[in-house]
Amino acid sequence: MRKFHYLILLLLPLNLLAQQFKPVQDLIKRRVPWLENQIVFKSLKSNQRDLIELQSIGNKVVISASGPNAAAVGLNWYLKYFCHRSMSHMGDNLAPVSPIPAVKNVITLEAPAQYRYALNYCTYNYTMSFYDWKDWEHELDWMALNGVNLMLTVTGMETVWQNTLKQIGYSNQEIDDFLVGPAYTAWWLMGNIQGWGGPMPQSQIDGRKILQKRIIERMRAFGIEPVLQGFYGMVPSSLKSKSKAAIIDQKTWGAFKRPDILTPGNPDFSRIAAIYYKELQQAYGKNIRFFAGDPFHEGGITDGIDLSMAGHSIQVEMQKSFPGSTWILQGWQDNPKQHMLEGLDKSHILVQELFGEFTNNWEKRNGYDATPFIWCVVNNFGERPGLYGKLQRFADEVNRIEKSPYQNLLKGVGIMPEGLNNNPPVYDLMLELGWRKDHVDVKKWLTNFTRYRYGGSNNHIDDAWQGFLETIYQSIPGYQEGASESVFCIRPALDSLPVSHWGTRLRNYDAVKFKKAALEFAEAGPEFQHSDTYQIDLINLMRQILANDGELVFKAMTKAYKEKNTKQFKLFSDQFLNMIRLTDELLSTHPYYQLNTYKTQALNLGKTKQEKELNIKNAMMLITYWGENVRNEDNLHEYAYKEWGGLMKDFYLVRWEMYINYLKGNLEGKTMQAPDFFIWERAWVNQNLEIKAQSQSKPLNQVVAEILKLKIDAQ
């Protein structure tokens, strides 16, 4: 009997070890089953920082790691730098490698970053509005492989708010008027909007709760701490008519009525905060250590509020329900406000330098008044298309902070894009900086990136990417919210306005040099014709060539119109429209770039007719006019525009044809009424809620050949 107990005690640590790394072993089965019997995981003791060792012993690769998160990074390191394989949001390159490469010398990795953070509130809508579990499983596998150990997760907050509001006397109808549709969660939780895109059916509220629980469970298995929504005083604007509580009217955010702020520091605030946190615990558990939530995000009214006391009160209520938890604040515009920081216990605060590719608030604000912070990049706004990223700046700025007086306040790095389906090197590099101690030379790093992205090396690809580093991915000073935008997608007018209100159509790089690099990339086509990641990138590069050349044609078309040169105007306007058609043909060659892919995702997530109808309406509004119907506050239209096959032809081309016909009529002396795009766009959405048959697309190589032969008369 004693021997039996001794055996149990002996085997117990082995069982715990097996359980610890089982999530990563399951990841191997899902993504790289050809490695299932080739990888051995071992536990590695570490004092504070995450630690990994890689080596080959016999015919096995041994990954020793301080935990499952480090183990997943070790797996990814082996995949990338030995097998030349990788996952991404723009295609996976995970084909089997045989025989598997040996790790001849022991490789040791220690993470200088305590936190490797991921996700912006906006990512939950511009990328993830209609994720099902299969999508989330892919997402979380990618997060784990890239070492994310702290991640915002705000799916399913509707159930918390629904139950909270019921307890303070709200009817179902009043709750429906507050909750938003599935594509607008971000701006609701950030205190910008309420009610828009809803009402959300109860079945969907319940389904999102189930999905969120599953997401959190998988995150924990991977060693990723969830960041949930904290209570910072946001309440429905209707509460002031139902309560005598001290409430500050937050007015509007553009065309939207904002939720109000319940003044922190009074009994009503404490009472509702306690209800909210109790409901959150019942829905998602008590083991939550991180909360997000920024009062007065992008404006808001602070008159009459003692910000220092307000911040202190918000933090106190959080600590009452979740002792020892950390409040994560966005370093965006003037947030977190200086006076609010003064009232906080800094040992339970983490600030995100949100827009690090442009800002250096960590320096200007003296380490956010000696507050722990992480350095993050946004890089993409609205998940708008385009090639962009200040790659070398990422490495330089992190290195600069590490050598600055604020080095001890720097707790990690993070990615906070508004949309993730773009620019893979940006996210790979940023998260890898959390595992690299030495200053990274991106020129050298890119050589390895291209090998693991496409599965092999090629001189054409290597030369092309060095050209991209000197153009689309260069690190030059200057403010820019995301990639340069396409003239094909602007609301038609003969001016220089961008597609989105805060975007730009200016190219801050040499377009001729970029085109030369893109054509060099295309030369590798025959060798990489079976590489999905190569095909996806080739389409994107050709799309960018068309968009860049489109600016030249547009300029010539505008000049011809102003000079009343009817012949020249017809020549250039015809060429302009043909370039939009060619862009549609290009994008239609791959499901990744098709409108139908997005529509199908939205419809498939719906479990009932009501859910499907709500999803597709939300989906189509978000990528076109965005929201609200106030003509003089229409600045959000096409903030999240897309260049997709089907959308280019049915939306942008039709809109330009309407406008060009109007201009032709003017040149011919006809009395023409200008198209009302504000009305047309809303009608178009209502008329395009079904999936249309995908037109037969030409082979990609044929479309690329047409683009390469295209003669731009404007030159």
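Predicted model: local features only at pLDDT ≥ 70, side-chain atom pairs only at ≥ 80, totals over all residues.

Reader: How many cavities of 30 Å³ or more does a search of the whole structure find?

Author: Rolling a probe the size of a water molecule over the atoms shows where empty space is left. In this case the search of the whole structure finds eight cavities of 30 Å³ or more, and the largest cavity holds about 110 Å³ of space.

Reader: Which residues lie nearest the centre of the largest cavity?

Author: Of the 15 residues that line the largest cavity, Leu387, Trp465, Tyr473, Asp537 and Asn540 lie nearest its centre. By class, the lining of the largest cavity divides into 11 nonpolar, two polar and two charged residues, and its largest share, three residues, comes from α19.

Reader: What is the volume of the largest pocket, and which element gives the most to its lining?

Author: The largest pocket has a volume of about 1,100 Å³, and α21 gives the most to its lining, with five residues. That lining has 15 nonpolar, 18 polar and 12 charged residues.

Reader: Which elements each supply at least two residues of the lining of the second largest pocket?

Author: They are α2, β5 (115-118), α14 (391-402) and β17 (410-415), with β17 providing the largest share, four residues.

Reader: Is α2 mostly covered or mostly exposed?

Author: Helix α2 is mostly covered, with 15 of its 16 residues buried, and it reaches 21 Å from its first C-alpha to its last, close to the 22 Å expected. Just after α2, histidine 84 takes a positive phi of about 60°.

Notes: Residues numbered from 1 in each chain as written. Heavy atoms only, no water. 1 Å grid on protein atoms, 1.4 Å probe; cavity = no way out; pocket = protein on both sides within 12 Å on 5 of 7 lines; lining within 4 Å. Points joined across faces, edges and corners; volume = space filled by probe spheres on them. Nonpolar A, V, L, I, M, F, W, Y, C, P; charged D, E, K, R; others polar. Expected span 1.5 Å × (residues − 1). Buried < 20%, exposed > 50% of the residue type's maximum accessible area, 1.4 Å probe, protein only.
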